[in-house]
Amino acid sequence: MEYWKVHWHHDYDREPIVIYSEVGPDGYETRKIQEHRDGKILRSDASHESREIGLSEIPVGDIKDVAAQAEFSAFLISRADFDAAWKQARYP
């Protein structure tokens, strides 16, 4: 597993500003967390998806490709850091 933290630099009120992803060896997300500008922190897994948050339907690719895009700051984090964020989030 890889654990990603991605800051999305934008001005959209309804979109998340930080996205955490747990990525399996096949490149698919298995868990996701989204932090919003208004303080809302949502989480999703294969059993809990909504129109507000869901797992990617395609493999997410390489984190280096995400980090290379100007609108994102992306880096790997530890499982412990991901799990700490997971505990703060809620299902929609």
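Biologist: How many aromatic pairs are there?
Modeller: The count comes to 5 aromatic pairs. Keep in mind that this is a predicted model.

Biologist: Take Tyr 3 and Phe 82. Are their planes stacked, edge-to-face or tilted?
Modeller: The pair is tilted, because the planes of Tyr 3 and Phe 82 sit at 50°, and stacked needs under 30 degrees while edge-to-face needs over 60. The ring centres of Tyr 3 and Phe 82 are 5.4 Å apart.

Biologist: Where in the chain do those two come from?
Modeller: From distant parts: Tyr 3 is in strand β1 (residues 2-8) and Phe 82 is in helix α2 (residues 79-88). They are 79 residues apart.

Biologist: Tyr 3, buried or exposed?
Modeller: Tyr 3 counts as buried because its relative accessibility is 7%, and the cut-off for buried is under 20%. Phe 82 also counts as buried, at 0%.

Biologist: And what about Trp 8 and Phe 72?
Modeller: They form an aromatic pair too, a tilted one, with 35° between the planes and 6.1 Å centre to centre. Trp 8 belongs to strand β1 and Phe 72 to strand β5 (residues 72-76), 64 residues apart, so this pair links distant parts of the chain. Both Trp 8 and Phe 72 are buried.

Biologist: Which residues do ring pairs link into a cluster?
Modeller: Tyr 3, Phe 82, Trp 86 and Tyr 91.

Biologist: Switching to arginines. What lies over the face of Trp 86?
Modeller: Arg 31 does, at 4.7 Å from the ring centre.

Biologist: Which residue lies over the face of Tyr 91?
Modeller: That is Arg 43, at 4.4 Å from the ring centre.

Technical notes:
Residues numbered from 1 in each chain as written. Predicted model: local features only at pLDDT ≥ 70, side-chain atom pairs only at ≥ 80, totals over all residues. Heavy atoms only, no water. Phe/Tyr/Trp six-rings, centres within 6.5 Å; stacked < 30°, edge-to-face > 60°. Helix = DSSP H or I, 4+ residues; strand = E, 2+ residues; numbered from the N terminus. Buried < 20%, exposed > 50% of the residue type's maximum accessible area, 1.4 Å probe, protein only. Lys NZ or Arg CZ within 6 Å of the ring centre and 35° of its normal.
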